[in-house]
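Dear colleague,

Please find below the structure that I am handing over to you, together with its sequence.

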Amino acid sequence: MKDASDRFEVRLAGSGGQGLILAGVILAEAVAIYDGRNAIQTQSYGPEARGGASKSEVIVSDGRIDFPKVMLADVLLALSQEACDTYFHGLKPKGLLVVDSDLVERAPTSKAVGVPVTKMAIEATGKAITANIVGLGLIGGLTSVVSRQALEKAVTERAPKGTAEMNLKALAAGWEKALEIKEASRSVRPGPRRRES
Amino acid sequence: MTMPRMMQGNEACAAGAIAAGCLFFGGYPITPSTDIAEHLARELPRVGGVFIQMEDEIASMAAVIGASIGGAKAMTATSGPGFSLMQENIGYAAMTEVPCVVVNVMRLGPSTGRPTSPSQGDVMQARWGSHGDHPIIALAPASVLECFEMTVRAFNLSERYRIPVIVLIDEVVGHMREKVILPPREDIKVLERLRPSEPPEWYKPYGSSPSDVPPLAPFGSGYRYHITGLHHDEAGFPTNRVNEVRPWTRRIFRKIKANVHRIARCETDGVEDARTVIVAYGSVARAASEAIKTARAKRRKVGLLRLQTLWPFPTRTVDAVCREARRVIVPEMNLGQMAIEVERIVGDRKVRRVNRIDGEMITPREILDAIEGK
Amino acid sequence: MSVKHPPSAYTYLRHKKKFPHVWCPGCGIGIVMGAIIRAVDGLGLDQNHVAIISGIGCTSRMPVYMDFNTMHTTHGRALAFATGLKLVRPDMHIIVVMGDGDALAIGGNHFIHAARRNIGLTAVILNNHIYGMTGGQVSPSTPVGMVATTAPYGNTDPPFPITDLSIAAGAAYVARSTVYHSHELEKYIRTGLEVPGFAVIEAVSYCHTTVGRLNKLGGAVEMMRNLKETSLTRRMAEKRSPEELEGKIVRGVFYHDACRKEYCALYQEIQEKAGGAKLAARRISSMEMV
């Protein structure tokens with residue numbers, strides 16, 4: 001059993017109805033079932049089914065996971081200004097911050113990766129509701145926390161009946177965008193996670 | 001071998017109920033326990049069982065006891081406010097010695113509190129929630145797999161000892177999704193309640209027996225007898241005679257007390273040479289494990305005693321494990337409900353409490369600070 | 001089904017074990033108990049397949065004296081206990097005996113929901129207009145103006161119309177009689193047991209020990225005579241004006257819906273849909289006689 005040093009913490013935060021809890025479940029399933037590693041997913045939400053603050057957390061490790069919640073996040077995906085402001089302080093100094101650039105006007109750091117996540121979702125699938133899956137694609141592409149095949153399988157399994165194809169499109173859009181960002185940062189300037197490496 | 005799955009604690013609890021042979025669920029929706037009802041509403045009719053959403057938690061608990069006396073393994077699931085409403089009938093089940101399982105997915109109280117936030121505030125209520133002296137069994141899972149295993153065990157204990165068994169899941173464990181491999185069916189030990197073998201005219205539903213647990217005949221099986229919440233004699237009829245009340249009271253306590261070593265389970269991690277022992281249960285034990293990893297990296301001798309059974313309290317184990325330790329830390333998402341029990345055994349000077357009642361989990365950092373004496 | 005035999009106290013009463021009973025001399029509860037026994041006997045039901053379930057109060061002491069599967073539960077909750085039993089043993093005949101306070105105050109919610117579900121229980125409500133066991137406090141069926149220990153200046157709260165409430169809540173069979181009309185009462189209980197759905201039989205009685213004393217209405221004989229003199233059948237009542245019916249007890253069958261599906265039968269359909277109906281049937285037959 002490995003120790004906790006390989007522990008990788010992802011926090012997805014925004015508003016109720018953005019599908020962040022489902023996104024967390026999909027990420028955890030991709031890692032734990034299809035990549036054969038270990039993962040735990042937890043969530044917190046308010047009484048509102050739509051609106052209100054919502055947060056989903058995924059801990060990834062190759063070994064046993066004791067504490068099931070984020071201690072200091074390696075990745076924060078923020079789909080609202082409030083979520084970004086609330087959870088930015090819980091991000092590791094070298095952590096990756098991905099924000100929906102249309103929903104988060106004031107990113108707390110210049111290192112933030114701003115992507116119009118919701119707009120991209122509408123462009124890719126015609127539905128804003130797939131923004132959560134675009135976000136997963138972004139996280140997957142920007143980090144090595146999960147393999148693309150695993151994420152695709154998990155999305156296919158979890159997507160509501162008849163929506164798998166649409167969600168795979170959203171995932172691809174996010175993943176490709178991530179590769180673009182990585183490529184650009186490599187050629188122009190150090191990327192957000194490579195700056196100090 | 002079954003396949004690994006990502007499963008929620010509440011879902012695992014429902015799966016455990018089905019694996020244990022549960023055939024009846026009567027409940028009322030309440031956050032954060034509702035998933036259990038939803039799963040069983042789907043699963044029970046598939047196995048020939050019955051799900052009913054009752055008009056409130058009082059009725060739920062009553063229906064569960066009614067179903068159990070009809071011969072079906074029966075359960076309900078709720079959270080704090082509903083658990084409060086169930087207390088009178090939980091006492092009735094203890095008094096009438098009718099097996100039943102009550103799952104309480106604990107949320108922050110008192111009152112409506114914070115419905116989606118975790119707590120361990122119902123630990124003492126599980127012990128003393130219903131009026132009058134009566135024994136009780138309460139289990140506290142700390143993982144999704146344990147939600148499954150302990151629900152199975154809750155049914156087994158309930159049927160074995162004719163007693164209500166409470167499963168105290170905290171919101172974190174209930175809602176958490178974790179990778180689990182459920183044991184295959186043939187590896188799951190399932191106990192059935194003892195049925196009478198004597199002819200109906202000799203049957204005594206509350207008679208003395210070597211195990212102190214008399215057999216229980218279901219209604220409609222040819223054994224006609226009386227059940228009452230009044231103090232009763234061996235045949236089940238009400239009595240005011242002290243010489244009939246006293247042996248009954250003694251027997252229902254003895255049947256648990258004599259078996260504490262079988263019922264009360266704990267898990268230890270590195271307590272043998274520990275100078276500091278952490279006594280924890282539920283999700284907080286996981287924060288403790290995390291803190292211990294860090295502390296051991298700093299060469300601190302810290303051990304964990306994780307309570308899997310809260311009631312009956314594992315007095316002997318706590319005493320044995322904590323005797324040599326210099327300090328005992330009891331972290332809880334309440335203001336020290338189990339700490340009282342630990343202090344009773346090891347003395348309160350040795351005990352350091354770490355408490356939170358704001359609906360957030362106790363962090364490994366907070367426990368580490370206590371280990372380091374900060 | 002057992003062979004039909006004439007009703008005998010020795011067959012149905014726990015005569016060696018539990019008598020004398022707790023009720024005051026002259027009480028009407030024993031008459032209701034007799035009517036239940038005759039109804040069960042008249043239908044030739046197997047004692048092993050009959051359960052009597054009660055809550056708390058004078059009426060709820062009834063099961064202990066009767067040789068069936070009997071359960072004396074918590075105050076107001078008898079119908080909820082019975083619901084659980086009926087769902088796992090739909091083959092059993094379950095009679096729930098309650099007083100007016102038990103059924104309509106503390107158990108009011110369970111009462112309307114049992115009626116709403118139309119679950120196959122026979123609810124016998126003994127209405128003596130008072131909490132007798134605790135010494136004469138107002139109940140939800142105490143008439144306005146009547147004196148009780150908790151209404152020393154007369155009751156202000158209007159009583160529940162039990163039959164109207166039952167019909168509105170969804171019961172399949174609703175009838176009312178009095179302990180004076182014990183044969184009529186027996187007939188209604190018998191029909192209630194035959195109706196597949198939820199049956200409510202209101203048995204109007206009296207409590208001479210509390211109501212009689214506090215309101216100077218005389219003893220058991222006078223109060224029994226009052227039931228005879230103030231009650232009339234539905235047919236007779238139809239010809240009277242509301243003013244003329246003031247203070248009268250109308251007897252009869254108020255509702256009888258033979259078509260509405262019983263709850264356990266509906267749940268069986270759910271089990272069929274889910275694929276577990278055969279398992280359920282096998283389980284129930286395995287629970288029967290050992």
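The notes below take the chains in turn and then the contacts between them.

This is a predicted model, in which local features need pLDDT of at least 70, side-chain atom pairs count only at pLDDT 80 or more, and totals for chains, interfaces and linings use all residues. Residues are numbered from 1 along each chain as its sequence is written, while chains are lettered from A and ligands numbered from 1 in the order in which they are written.

Chain A

The secondary structure of chain A consists of 6 helices and 6 strands. Here helices (H or I, at least four residues) and strands (E, at least two) are DSSP runs, numbered from the N terminus. Read from the N terminus, the elements of chain A follow the order β-α-β-β-β-α-β-β-α-α-α-α.

The C-alpha trace of chain A spans about 40 × 35 × 35 Å along its principal axes. Its radius of gyration is 15 Å, which agrees with the value near 16 Å that a compact globule of 197 residues would have. That radius is taken over C-alpha atoms, and the globule rule is 2.2 Å times the number of residues to the power 0.38.

Of the 197 residues in chain A, 52% are buried. A residue is called buried if 20 or more other C-beta atoms lie within 10 Å of its own, exposed if 12 or fewer, and partly exposed in between, with C-beta atoms placed from the backbone. Among contacts in chain A between residues at least 6 apart in sequence, 61% join residues at least 24 apart. Two residues are in contact if their C-beta atoms, placed from the backbone, lie within 7 Å.

Strand β1 of chain A (residues 8-15) is largely enclosed by the rest of the structure, because 6 of its 8 residues are buried. Two strands pair if DSSP finds at least two bridges between them. Strand β1(A) is joined by 8 bridges to β3(A) (residues 53-61), and these two run antiparallel; within that pairing, Arg11(A) has Glu57(A) as its bridge partner. As background, strands of a sheet pair through backbone hydrogen bonds, either parallel or antiparallel.

Where chain A meets chain B

In this interface, 22 residues of chain A are in contact with 19 residues of chain B. On the side of chain A that touches chain B, the elements giving two or more residues are α1 (20-34) and β2 (38-45) of chain A. The largest share, 8 residues, comes from β2(A). By class, this side of chain A has 12 nonpolar, 6 polar and 4 charged residues. Ala, Val, Leu, Ile, Met, Phe, Trp, Tyr, Cys and Pro count as nonpolar, Asp, Glu, Lys and Arg as charged, and the others, Gly among them, as polar.

Strand β2(A) is also joined by 2 bridges to β9 of chain B (residues 177-180), and the two run antiparallel. One bridge partner pair here is Ile40(A) with Glu178(B).

Chain B

The domain assignment of chain B gives domain 1 (5-187) and domain 2 (265-371); such bounds come from an automatic or database domain assignment. The C-alpha centres of the two domains lie 26 Å apart. In all, 21 residues of domain 1 of chain B are in contact with 20 residues of domain 2 of chain B. On the domain 1 side, the largest share, 4 residues, comes from α5(B), and the classes are 14 nonpolar, 4 polar and 3 charged residues.

Chain B also holds an open sheet of 5 strands in the order β11-β13-β12-β15-β16, with mixed pairing. Its edge strands, each pairing on one side only, are β11 (266-269) and β16 (351-355) of chain B. Strands β11(B) and β13(B) (residues 302-307) run antiparallel and are joined by 4 bridges, with Glu267(B) standing opposite Arg306(B).

The three chains together

Which chains share the most contacts? Of the 2 pairs of chains in contact, chains B and C do. No contact joins chain A and chain C, and their closest C-alpha atoms lie 20 Å apart.

With kind regards
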